[in-house]
Amino acid sequence: MQNKSVFDKLGGQANVDAAVVKFYEKVLSDPSVSHYFKNTDMKKQTEMQQKFLGMAFGGPNHYTGRDMKAGHAGLGITTAAFDTIVKHLGNTLKEMGVPAEVIAEAAAVAETTRADIVEIK
């Protein structure tokens with residue numbers, strides 16, 4: 001398991017896809033961050049996030065969306081909001097039975113996007 005990617009440790013694309021669906025259920029139910037998605041086509045957003053996380057976690061690259069900086073420009077995402085989103089990702093993976101060390105690896109991948117996403121410190 002040591003040399004496997006996060007993608008492989010999560011069980012592949014089907015599990016990444018399921019995690020993204022559950023993750024957005026949490027995000028959209030959280031008033032502290034749900035407003036960031038009020039004008040978002042969530043079907044498209046979910047599909048793009050599934051492809052992005054599959055690629056970011058070390059799976060095949062099927063992501064064709066904008067880079068993180070362009071995709072989040074002008075949204076005014078705060079440090080607290082980013083932290084909440086990462087927390088929801090971690091809780092989703094925990095509920096799916098993912099081991100803590102793999103959740104930490106997934107969070108570390110998410111952390112690499114912080115500088116491009118957060119606009120308000």
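1. Basis. In this predicted model, local features need pLDDT of at least 70 and side-chain atom pairs count only at pLDDT 80 or more, while totals for chains, interfaces and linings use all residues. Residues are numbered from 1 along each chain as its sequence is written, and side-chain values use heavy atoms, with hydrogens and water left out.

2. The α2/α3 pair. Helix α2 (residues 13-28) and helix α3 (residues 42-56) have axes that come within 9 Å and cross at roughly 130 degrees. That angle makes α2 oblique to α3, where under 35 degrees counts as roughly parallel, over 145 as roughly antiparallel, 65 to 115 as roughly perpendicular and the rest as oblique. Helices here are DSSP runs (H or I, at least four residues) numbered from the N terminus, and the axes are lines fitted to C-alpha atoms over the stretch in contact, with angles running from 0 to 180 degrees between N-to-C directions.

3. The contact between them. On the α2 side the contact (heavy atoms within 4.5 Å) is made by Q13, V16, D17, V20, V21, F23, Y24 and L28, and on the α3 side by M42, Q45, T46, Q49, Q50, L53 and G54. By class, this contact has 8 nonpolar, 6 polar and 1 charged residues, with Ala, Val, Leu, Ile, Met, Phe, Trp, Tyr, Cys and Pro counted as nonpolar, Asp, Glu, Lys and Arg as charged, and the others, Gly among them, as polar.

4. The largest pocket. About 910 Å³ of space lies in the largest pocket, a pocket being an open set of points on a 1 Å grid with protein on both sides within 12 Å along at least five of seven lines, and lining residues having an atom within 4 Å of a point. Of the 34 lining residues, Y24, Q45, Q49, G71 and H72 are the closest to the centre of this pocket. Two or more lining residues come from each of α2, α3, α4 (68-72), α5 (79-95) and α6 (100-111), and α3 gives the largest share, 7 residues. The lining has 22 nonpolar, 8 polar and 4 charged residues.

5. The largest cavity. The count comes to 1 cavity of 30 Å³ or more, a cavity being a set of points where a 1.4 Å probe fits but cannot get out. About 40 Å³ of space lies in the largest cavity, which is lined by L10, V16, A19, V20, L53, F57, L89 and L93. Here α2 and α5 are the elements that give two or more residues, and the largest share, 3 residues, comes from α2. The lining divides into 8 nonpolar, no polar and no charged residues.

Key: Points joined across faces, edges and corners; volume = space filled by probe spheres on them.
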